[in-house]
Amino acid sequence: MPELPEVETIRRTLAPHILGQTIKKIQLLWPGAFVLPAGVTPAAALRRRSVASLDRRGKYLLLGLDNGATVVTHFRMTGSLIYYPQPAPPARHTHVIIHLAAGQLHYADQRKFGRLQFVPPGELGALACLNKLGPEPLGESFWLEYFAIRLNGKKTPVKAALLDQTIICGLGNIYADEALFQAGILPFRESGGLKFSELFLLYDAVRLTLRQGIEAGGTTFRDYRDADGQSGSFQNRLRVYGRGGQPCLVCGRPLQKIKIGGRASVYCPDCQH
Ligand SMILES: [Zn+2]
């Protein structure tokens, strides 16, 4: 599932191809992937509009049009957006093709949980899925004291708090497990029970891990690709995620795997406290 570093990588690789381009046509191979307000057709929403901006909020990609409308992409489990400089036949599971003045943008999604959502001009501020998001972990509004206040008194496991998009947005299972290992904190610890010194380590670890993920172009296990169709390389640098039962890279003891809030969590019982 694309997390912050993967969506940021898609944004960075896509922007130079599509900014300023005019949309010629939209082709829906599976109409369910493109969500529109009642009475608006895909052609009326997008045709002859040009791409004015490409932003990211948490795990959402926001494609801004010249009239103030926005196409919000929710990648969910297996969504991908790939730019083709030349017209390309749709790969399997391609649901939407946006024909640009030069090239095409293909949205594919094997599991069909992701969506492209058209938001008319002026209505982005009212979009519930964006409104409830906490601060960007790499932005200026995420600071240590905020983190401490949000976790204060919380009984939930710290892993669950990291995945709570209303506290900070953009972290998923991969980067949450890696950040907890980096900080040396057990995932099932009570959020409100962390010492200030531990919060400081975790705050730093979250930001460091996400930055390293972006530098590596994201993590590719199966589906994730950037907008040029390239894999990321952060999977080669993972220390705990997906390594349950394997030896810890620091101490050599077997890594443990448990479920927290229904999600698999891998940690080292020796290096994390
Ligand atoms: Zn260890």
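Here are some numbered notes on how this predicted model is put together.

1. **Ground rules.** The model is predicted, so local features are reported at pLDDT of at least 70 and side-chain atom pairs at pLDDT 80 or more, while totals for chains, interfaces and linings use all residues. Residues are numbered from 1 along each chain as its sequence is written.

2. **Two domains.** The domain assignment gives domain 1 (4-127) and domain 2 (144-267); such bounds come from an automatic or database domain assignment. The centres of domain 1 and domain 2, taken over C-alpha atoms, are 29 Å apart. Their contact takes 18 residues from domain 1 and 20 residues from domain 2, where two residues are in contact if their C-beta atoms, placed from the backbone, lie within 7 Å.

3. **The domain 1 side of that contact.** Which elements give two or more residues to the side of domain 1 that touches domain 2? They are α1 and β6 (79-84), and α1 gives the most, with nine residues. Helices (H or I, at least four residues) and strands (E, at least two) are DSSP runs, numbered from the N terminus. By type, the residues on this side of domain 1 divide into seven nonpolar, seven polar and four charged. Here Ala, Val, Leu, Ile, Met, Phe, Trp, Tyr, Cys and Pro count as nonpolar, Asp, Glu, Lys and Arg as charged, and the others, Gly among them, as polar.

4. **Helix α6.** Take a look at residues 173-183, which form α6: ten of its eleven residues are buried. A residue is buried if 20 or more other C-beta atoms lie within 10 Å of its own, exposed if 12 or fewer, and partly exposed in between, with C-beta atoms placed from the backbone. The buried set of α6 includes the charged residues D177 and E178, along with Y175, L180 and F181. Among the elements that cover the buried residues of α6 are α1 (4-18), α5 (158-163), α7 (196-215) and β11 (263-267). Just after α6, G184 takes a positive phi of about 75°.

5. **The nonpolar core.** The largest nonpolar core has 65 residues, and L171, A179, L180, V240 and Y267 have the most contacts inside it. Helix α6 gives the most to this core, with seven residues. The core also draws at least three residues from each of domain 1 and domain 2. A nonpolar core here is a set of buried Ala, Val, Leu, Ile, Met, Phe, Trp, Tyr and Cys residues joined through C-beta atoms within 7 Å. Leaving aside residues up to four places away in sequence, V240 touches D177, E178, F181, L255, V266, Y267 and C268.

6. **A buried glycine.** G218 lies in the loop between α7 and β10 (256-260). Why does G218 count as buried? Because it has 27 C-beta neighbours inside 10 Å. G218 and E6 are 212 residues apart in sequence, yet their C-alpha atoms are 4.6 Å apart in space. Not counting residues up to four places away in sequence, the contacts of G218 include P5, E6, T9, Y224 and F234.

7. **The four-stranded sheet.** This open sheet has the order β1-β7-β8-β6 with antiparallel pairing; two strands pair if DSSP finds at least two bridges between them. β1 (23-28) and β6 stand at the edges with a single partner strand each, so one side of each is left without a neighbour in the sheet. The twist averages 15° from one strand to the next. Five bridges link β1 to β7 (residues 94-100), with K25 opposite H99 and I26 partnered by I98. Another five bridges join β7 to β8, where I97 has H106 as its bridge partner. β7 and β8 form a hairpin with three residues between them, and G103 in the turn has a positive phi of about 90°.

8. β3 pairs with β4 (residues 60-65) in the antiparallel sense over six bridges, and S53 stands opposite G64. Axes are lines fitted to C-alpha atoms, for helices over the stretch in contact, and angles run from 0 to 180 degrees between N-to-C directions.
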